[in-house]
Amino acid sequence: MSLAVPAGCAGLQKTRQAASVDDLLAGWNGVDDLWVFAYGSLIWHPGFAWRERRLATVRGYHRSLCLWSHDHRGSPDNPGLVFGLDRGGCCRGVAFQIAASDVPQVFQALWRREMVTGAYSPRWLTCHTDDAPVRGLVFLLNRACREYAADLCDDRLLASVRNAVGHSGPCLDYVVETARALRAHGIDDWRLGDLLRKLGHAF
């Protein structure tokens, strides 16, 4: 047999990842720049080149510490929490404009970063900016994923943020860095502010 078959799970994952990106870009003309909406660590650590950055609001979803992290910000025995966009309300964040020539490379990198566990569902949504609305890629929470941390009591949430550490660092550092990035952009997130006060940090 001369058929080329991906070697192991890594090859299969790479094939599915490429197909997913291709599906998302199916209607793109290859010429226009594209936008990506950031609401968490992408704001302060995007990891890609961008042409323009604007404050933006996505309606119908809010920023929430609602995803368990068993690796980057926690461990299997002591999971941390990371942000997702859950249903309801609205979210103020940052929209990054990606040059058309960089889109394939940037989107593949985003898939490797955000789509490993199936915790997010990528969607094209309207991002409302002061200049004009733009259509942007938004990674929404997938409530069906096993990492979804639904209806956590305050004690459990606070304990996870305070104590969890993963190979990208403490969960608390992740939350504080996100808060600092929001404040630097003039974004007021009352939920995050309330959480930080309970943790003993000023927002």
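Modeller: A definition first: axes are lines fitted to C-alpha atoms, for helices over the stretch in contact, and angles run from 0 to 180 degrees between N-to-C directions. Keep in mind that this is a predicted model. Now take helix 4 (residues 154-163) and helix 6 (residues 190-199): they pack at an angle of about 75°, and their axes are 11 Å apart.

Biologist: Why is helix 4 called roughly perpendicular to helix 6?

Modeller: Angles of 65 to 115 degrees count as roughly perpendicular. The angle here is about 75°. Therefore helix 4 is roughly perpendicular to helix 6.

Biologist: Which residues make the contact?

Modeller: Helix 4 brings D154, L157, L158, V161 and R162. Helix 6 brings L195, K198 and L199. Five of the contact residues are nonpolar, three are charged, and none is polar.

Biologist: L196 is in helix 6 as well. How do you know whether L196 is buried or exposed?

Modeller: Buried means under 20% relative accessible area. L196 has 2%, so L196 is buried. Its C-alpha atom is 9.5 Å from that of L172, a residue 24 places away along the chain.

Biologist: Now the strands. In what order do the strands of the barrel come?

Modeller: Five strands close the barrel, in the order 1-3-2-4-5, with mixed pairing. From one strand to the next the twist averages 35°. Helix 5 (residues 171-184) packs on the sheet and touches strand 2 and strand 3 (80-98). The direction of helix 5 makes about 45° with that of strand 3.

Biologist: What makes strand 2 (residues 52-69) and strand 4 (residues 120-129) a pair?

Modeller: A pair needs at least two bridges. Two bridges join strand 2 to strand 4, and these strands run antiparallel. One example is A56, whose bridge partner in strand 4 is T129.

Biologist: And which strands pair with strand 1?

Modeller: Strand 1 pairs with strand 3 in the antiparallel sense, over five bridges. There, F37 has A95 as its bridge partner. Strand 1 is also joined to strand 5 (residues 134-141) by two bridges, and these two run parallel. V36 has L137 as its bridge partner in strand 5.

Biologist: Why is strand 1 (residues 34-38) called largely enclosed by the rest of the structure?

Modeller: Five of its five residues are buried, so strand 1 is largely enclosed. Both faces are covered. L34, V36 and A38 are buried on one side, and W35 and F37 on the other.

Biologist: Last one: H62, in strand 2. How do you know whether H62 is buried or exposed?

Modeller: The cut-off for buried is under 20%. H62 has a relative accessible area of 13%, so H62 is buried. A polar atom of the H62 side chain lies 2.9 Å from the backbone oxygen of G88. Beyond residues up to four places away in sequence, H62 touches several residues, among them G84, L85, C90 and R191.

Technical notes: Residues are numbered from 1 along each chain as its sequence is written. This is a predicted model: local features need pLDDT of at least 70, side-chain atom pairs count only at pLDDT 80 or more; totals for chains, interfaces and linings use all residues. Side-chain values use heavy atoms; hydrogens and water are left out. Helices (H or I, at least four residues) and strands (E, at least two) are DSSP runs, numbered from the N terminus. Contact means heavy atoms within 4.5 Å. Angles under 35 degrees count as roughly parallel, over 145 as roughly antiparallel, 65 to 115 as roughly perpendicular and the rest as oblique. Ala, Val, Leu, Ile, Met, Phe, Trp, Tyr, Cys and Pro count as nonpolar, Asp, Glu, Lys and Arg as charged, and the others, Gly among them, as polar. Buried means under 20% relative accessible area, exposed over 50%, partly exposed in between (1.4 Å probe, protein chains only). A polar contact is a pair of N or O atoms within 3.5 Å; within protein, one must be able to donate a hydrogen and the other to accept it, and residues adjacent in sequence count only if both atoms are side-chain atoms.
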